[in-house]
Amino acid sequence: MSSSTTPETRGPRLLTWVPGLLVMALGVAIAMLLATVQSLLGALVLALILGIVLGNTGLYGPSLRPGISGGTKRLLRAGVVLLGLQLALPDILALGGQVILLIVASVAVSFTATLWLGQRLGLSRAGALLMAAGFSICGASAVAGMQGITDADDDEVASAVAMVTLYGSLMILALPLLNVVVGLDATKFGIWSGLAVHEVAQVVAVASTAGATALASATVVKLGRVLMLAPVAAVASVIERRHAVRSQRDAPAEEAQDGVQRLRRRTPLVPLFVLGFLAMVILRSTGVLPDPVLDLGRTLTTVLLAAGMFGLGAGIDIRRLLHSGGRFAAVGALSTVLLAGISLLGVLALP
């Protein structure tokens, strides 16, 4: 065992995390407080912004780095696991076969098209995967989940979250106006909102303009999209693992064989946090958890994901982010229009 990981050294090393974790906790508290006084930006996005401020104003000193950098990915994955407590399979199944098929088709087409567009418009493979997940599944939460699979850097994560926030906010204005022309009834408008809008909070804002019926259908459809995070992440993990193995094999023979074996040991076919997410979905679906526990789980999910977003923000170089923002904006615009269009066609085809 390496000396850096012996029991004698593990305790002191973990103590170096304390200052950074305390600053993360403060950042999350401020983000959640700000999220309660306005509805445009959620706690996750606000935490990311606060982290960016920390990382680009000279305040992110050596004493904070161990805790923030060490805790970020762990907190994000824990948040994605608990996200499963928001999903009950009976509620999803109650939508009916046609709507479920529409959810799967919309996510599959949007994810594949956004991934293809991202790579054609100059994004890295990892950046395109983040955009595809965020725009086709569930916004910042999906970006966080996919970040645990790809080798995306913090700037790419920030760009993906920023674009999801920007275009999802624009959809709050656009969809109700478009429906004046399209003329969907409340139920179908709710389904369209759940399919076409990126963040859960944004879906609620859009659907609530058409009343309680629209809001109810929109929320369940959106949660159906969130459930797609598990299979999409699992497939993406397998594909990324194979891609990395192929890259290793381009090295000299002996070095390539060692690299492939290390990679297979380090990266499971299905990440543990994806299995944890599914376990939480199953637990929620049994109905054994009382409402206070579910409410606590919802709050803890937000806290963990916000802490992870704060940590990602702290590692972002704002100058690099601004330099690459144009390509992400173009992909986001095309993806948003595509998803809104194909989902509307599907809703119009419903009886």
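Is Glu240 buried or exposed? Keep that residue in mind; the tour reaches it after an overview.

**Before selecting anything**

This is a predicted model, in which local features need pLDDT of at least 70 and side-chain atom pairs count only at pLDDT 80 or more, while totals for chains, interfaces and linings use all residues. Residues are numbered from 1 along each chain as its sequence is written, and side-chain values use heavy atoms, with hydrogens and water left out.

**Whole chain**

Show the protein as a cartoon: there are 17 helices and 0 strands. Helices (H or I, at least four residues) and strands (E, at least two) are DSSP runs numbered from the N terminus. Of the 351 residues, 48% count as buried, where buried means under 20% relative accessible area, exposed over 50%, and partly exposed in between (1.4 Å probe, protein chains only). Among contacts with a separation of 6 or more, 79% are between residues 24 or more positions apart. Contact means heavy atoms within 4.5 Å.

**Stop 1: Glu240**

Select Glu240 in helix 13 (residues 229–248). Glu240 counts as buried because its relative accessibility is 11%. Leaving aside neighbours within four places in sequence, Glu240 is in contact with Arg125, Leu129 and Ile149.

**Stop 2: the largest pocket**

Select Leu44, Glu199, Val200, Ala201 and Thr302, which of the 32 lining residues lie nearest the centre of the largest pocket. About 840 Å³ of space lies in this pocket. On a 1 Å grid over the protein atoms alone, a pocket is an open set of points where a 1.4 Å probe fits, with protein on both sides within 12 Å along at least five of seven lines, and lining residues have an atom within 4 Å of a point. Grid points are joined across faces, edges and corners, and the volume is the space filled by probe spheres set on the points.

Which helix gives the largest share of the lining? Helix 11 does, with 5 residues. Color helices 2 (18–36), 3 (43–55), 8 (140–147), 9 (154–182), 11 (200–207), 12 (212–227) and 16 (291–314), each of which supplies at least two lining residues. By class, the lining has 19 nonpolar, 11 polar and 2 charged residues. Here Ala, Val, Leu, Ile, Met, Phe, Trp, Tyr, Cys and Pro count as nonpolar, Asp, Glu, Lys and Arg as charged, and the others, Gly among them, as polar.

**Stop 3: helix 9**

Select Val164, found in helix 9. Val164 counts as buried because its relative accessibility is 0%. Not counting residues up to four places away in sequence, Val164 touches Gly134, Phe135, Gly139, Ala140, His198, Glu199 and Gln202. Ala333 is 169 residues from Val164 along the chain, with 9.8 Å between the C-alpha atoms.

Next select Ser169, also in helix 9. Ser169 has a relative accessible area of 16%, so it is buried. With residues up to four places away left out, Ser169 touches Leu40 and Gln202.

**Stop 4: Leu312**

Move to Leu312 in helix 16. At 1% relative accessibility, Leu312 counts as buried. Beyond its neighbours within four places in sequence, Leu312 is in contact with Leu48, Thr72, Leu76, Gln147, Asp154 and Val157. Show Asp155 too: 157 residues separate it from Leu312 along the chain, and 8.3 Å separates the C-alpha atoms.

**Stop 5: Ser335**

Select Ser335 in helix 17 (residues 318–348). Ser335 is buried, at 1% relative accessibility. Where does its side chain make a polar contact? The partner is the side chain of Thr114, at 2.7 Å. A polar contact is a pair of N or O atoms within 3.5 Å; within protein, one must be able to donate a hydrogen and the other to accept it, and residues adjacent in sequence count only if both atoms are side-chain atoms. Apart from residues up to four places away, Ser335 touches Ser110, Thr114 and Phe135.

**Stop 6: Gln98**

Finish at Gln98 in helix 6 (residues 97–120). Not counting residues up to four places away in sequence, Gln98 touches Leu350 and Pro351. The C-alpha atoms of Gln98 and Gly346 are separated by 9.4 Å, the two residues being 248 apart along the chain.
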